[in-house]
Amino acid sequence: MLTTFFADIADFRRPQGRRYELDKILLLSVIAILCNAKSYRDISRFIKTKFESFKQELSLGWESPPAYTTVRNIIQGIAKDELEAAFRAFTQSMTRYGIDDSKTLVHIAVDGKVLRHSFDNFEDRSAMQKLSFLDAEQSLILGHIAVEDKSNEIPAFQTLLSTLEIPGAVFSADALHLQKKTFEQAAASKHLLLIQLKDNQPTLLEDVQCLIKTLPPCDSYQQKAHIAHGRITIRATTIYQSNLNDFILDDDWASYIKTVVQVHRFTDVFDTKTKQYINRQETAFYLSNHSLANAEICSRYVVQHWGIENKNHYVRDVALQEDASRIRKSPYNLSVLRSIALNILRKNKVLNIKGELYENSLHWTKVFSYPQVT
């Protein structure tokens with residue numbers, strides 16, 4: 001199945017240098033990552049070790065396994081836009097978009113990540129940064145946008161809103177993206193937003209704080225106590241929609257904002273020294289350009305948003321060791337291959353990613369049980 005999408009990627013090599021098919025190299029690279037490979041050398045060693053089995057399983061006509069430099073040059077040489085397009089098409093084949101008639105909004109969490117050891121001092125190039133967007137319900141990575149050097153996530157997110165077409169989707173993001181131009185772009189592309197409000201917008205924050213003290217909420221919801229990692233957390237969510245213009249003094253913001261969400265967190269944290277729980281309280285605000293009338297759904301969106309940290313960024317750094325990778329040239333391409341491997345595991349309901357990668361390294365033919373691989 002994967003090779004169907006890899007076949008659309010243009011082969012940048014001259015005809016005389018195409019000893020190994022590009023789509024097969026990419027397929028074997030993803031299989032190697034699924035079996036705990038972390039680098040180009042790991043991928044090359046894995047292919048070499050299992051070469052005879054691969055020849056039989058995939059009907060390869062190769063006389064010998066590809067060298068490490070061959071694997072590296074092919075992955076680095078692919079145009080990142082074409083690889084990203086293949087990745088998005090592959091992921092789209094696994095999602096329900098356009099098929100599910102449910103009126104429930106698709107929740108897409110957006111956040112940036114820096115590949116911290118991909119910097120190149122010799123070329124005066126800083127570490128690569130990319131913006132990822134995740135289906136928070138299915139835990140599937142939907143795509144990435146590379147953040148240009150000497151830029152930041154804000155224009156990348158605005159580009160995402162102008163290019164991505166997922167009907168009935170609400171995009172959640174942190175306070176960095178609470179920008180008028182972002183809301184303007186969302187209105188033009190008819191996307192829904194839910195973005196956190198912090199003190200980077202002090203005047204707007206003051207207006208919202210005044211608003212919630214005066215207006216009655218449209219709906220409220222209190223989540224059941226969540227117990228995990230020595231913490232007991234209760235979230236109380238309230239939403240406000242009526243007469244917002246009376247309090248939001250900036251006319252532009254008043255025209256964009258349709259819903260104000262307040263989330264009050266009550267947390268009891270266990271102190272291992274005193275053997276007692278310490279009470280903490282925190283209030284967070286979120287703004288939406290859509291009339292989100294259900295406080296329970298808003299509460300779920302707020303909690304699910306951090307899945308992009310826990311189920312994507314953290315897993316990439318711990319299980320795939322992406323942050324430690326010292327690949328400097330085209331690190332984006334190998335990062336996309338990692339995302340393909342993660343999506344395959346998530347689609348197959350794998351919860352312990354690190355454990356599954358280790359099991360696959362011991363019994364590598366297990367990867368052929370994933371329907372998305374072949």
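**Terms and the values behind them**

Analyst: The side chains of W62 and E21 are joined by a polar contact of 2.5 Å. This is a predicted model, in which local features need pLDDT of at least 70 and side-chain atom pairs count only at pLDDT 80 or more, while totals for chains, interfaces and linings use all residues. Residues are numbered from 1 along each chain as its sequence is written, and side-chain values use heavy atoms, with hydrogens and water left out.

User: What makes the pair W62 and E21 a polar contact?

Analyst: A polar contact is a pair of N or O atoms within 3.5 Å; within protein, one must be able to donate a hydrogen and the other to accept it, and residues adjacent in sequence count only if both atoms are side-chain atoms. The side chains of W62 and E21 meet at 2.5 Å. In sequence the two residues are 41 apart, and their C-alpha atoms are 9.4 Å apart in space.

User: Which residues does W62 touch beyond four places away in sequence?

Analyst: They are R19, Y20, E21, K24, I25, L28, F51 and K55. Contact here means heavy atoms within 4.5 Å.

User: How do you know whether S132 is buried or exposed?

Analyst: The relative accessible area of S132 is 0%, so this residue is buried. S132 belongs to strand β2 (residues 129–135). The S132 side chain has a polar contact of 3.5 Å with the side chain of K130. Apart from neighbours within four places in sequence, S132 contacts A109, V110, D111, G143, H144, I308 and N312.

User: Why is the protein said to be as compact as a globular protein of its length?

Analyst: The protein has 14 helices and 10 strands. Its radius of gyration is 23 Å, close to the 21 Å that the globule rule gives for 374 residues, so the protein is as compact as a globular protein of that length. The radius is taken over C-alpha atoms, and the globule rule is 2.2 Å times the number of residues to the power 0.38. Along the principal axes, the C-alpha atoms fill a box of roughly 75 × 50 × 50 Å. Buried residues account for 50% of the 374 residues. Of the contacts between residues at least 6 apart in sequence, 65% join residues at least 24 apart.

User: What makes a space a cavity, and what makes it a pocket?

Analyst: On a 1 Å grid over the protein atoms alone, a cavity is a set of points where a 1.4 Å probe fits but cannot get out, whereas a pocket is an open set with protein on both sides within 12 Å along at least five of seven lines; lining residues have an atom within 4 Å of a point. Grid points are joined across faces, edges and corners, and a volume is the space filled by probe spheres set on the points. By this rule there are three cavities of 30 Å³ or more.

User: What lines the largest cavity?

Analyst: The largest cavity holds about 60 Å³ of space. Its lining consists of S172, A173, D174, L194, Q196, Y286, Y301, V302, H305 and W306. The most comes from α11, with three residues.

User: Which residues are closest to the centre of the largest pocket?

Analyst: The largest pocket has a volume of about 760 Å³. Of the 26 residues lining this pocket, H226, R235, V303, W306 and N310 are the closest to its centre. The lining of the largest pocket comprises seven nonpolar, 10 polar and nine charged residues.

Methods:
Helix = DSSP H or I, 4+ residues; strand = E, 2+ residues; numbered from the N terminus. Nonpolar A, V, L, I, M, F, W, Y, C, P; charged D, E, K, R; others polar. Buried < 20%, exposed > 50% of the residue type's maximum accessible area, 1.4 Å probe, protein only.
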